[in-house]
Amino acid sequence: MTQPYYMLDFSAGCCMFQIRVNDIPVMTLDLPGQAASIVPINFGILQSGKQTITATLLPHSGQTTLDPEALLEFDVKMFDVQNDFVFKEQLCSYTFAKVNPEKKLPVERYRTEFIATVPYQLKGWTKGVPLKDVEDMGEKLKAAYYRIANLISNKHYDRFREVIHNREHIMTTSMYLDEGAAKARIEGLIDDFESGFEVAPIAENAVLQVYADGRAAALKKLNGEPALYLVNEKTKEELMIDLMFYVPEGKTEFEVI
């Protein structure tokens, strides 16, 4: 098999939750009701071998304890996408126990491992400086977000393409996209920028989240959504720009990864 595709199949409700693969977020939602979906996770897998997956069950944003009706279950499936989307194997699964409201728990966590085999090997965020060693880390991360926001607002799209190159390389390699499909990903995003969307201010209460075993970070809204987003006032739509940043070895400023 030359194009194994790993997918997270989940069902959740009445909670906020986050699932990470190798400490990279692959799904974050704050759900007042229920939802179920299946999403790709290859972008969190840099090479073949043992992979970790962690699931965190959280209270709704603004709450301090888990909703008594909170639920989360998931499994990891592997498909072959070389010629068609063919299911091959289920690798792991887990269902959180029903919440005991008397315990007033603030969080529940689960961690396990699975083996993945992929035909690529990426450096990704592994060559990032440990963020604990970065001076003024929070302010530098905010500055990185403002740089991206200004590129979009000022329509400097060539530079925008350059600064997200590392991220796109990971995405297109792990999803087995050809050159045309890879280009279409970015051009589609830029077309959205040009269709009436304007960059919204980054919230002052945005939360700094650390990923990749302390080598990458992002700013998030209190409900877990990306802090960088655009708004179309005419259609009342929002376009979220989900980015993660790291400081490459030998450098001092954040870059998109």
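Where is the place of Y176? The model is predicted: local features need pLDDT of at least 70, side-chain atom pairs count only at pLDDT 80 or more, and totals for chains, interfaces and linings use all residues. Residues are numbered from 1 along each chain as its sequence is written, and side-chain values use heavy atoms, with hydrogens and water left out.

**View 1. Y176 lies in the loop between α3 (165-174) and α4 (179-193).** Helices (H or I, at least four residues) and strands (E, at least two) are DSSP runs, numbered from the N terminus. Although Y176 is not a glycine, its phi is positive, about 60°. With a relative accessibility of 18%, Y176 counts as buried (under 20% relative accessible area; exposed is over 50% and partly exposed in between, with a 1.4 Å probe and protein chains only).

**View 2. Helix α1 comprises residues 137-153.** Buried residues of α1 include M137, L141, Y145, I148 and I152. An α-helix has 3.6 residues a turn, so residues three or four places apart point the same way. D136 is in the loop between β6 (108-116) and α1; its phi is positive, near 50°, and D136 is exposed at 56% relative accessible area. Just after α1, K155 also has a positive phi, of about 60°.

**View 3. Strands β7, β10 and β11 form an open antiparallel sheet in the order β7-β10-β11.** The edges are β7 (198-199) and β11 (237-240); each has a single partner strand, so one side of each is left without a neighbour in the sheet. Four bridges join β10 (residues 229-232) to β11, where strands pair if DSSP finds at least two bridges between them. L230 stands opposite L239 in β11.

**View 4. T52 belongs to strand β3 (residues 49-58).** T52 is buried, at 18% relative accessible area. Beyond its neighbours within four places in sequence, T52 is in contact (heavy atoms within 4.5 Å) with R20, V21, N22, D23, R111, T112 and E113.

**View 5. The whole structure contains zero disulfides (pairs of cysteine sulfur atoms within 2.5 Å).** C14 is in no disulfide, its nearest cysteine sulfur being that of C15, 7.5 Å away. The sulfur of C92 is 18 Å from the closest cysteine sulfur, in C15, too far for a bond. C14 is buried at 16% relative accessibility, and C92 is buried at 11% relative accessible area.

Terms used: The expected span of a helix is 1.5 Å times one less than its number of residues.
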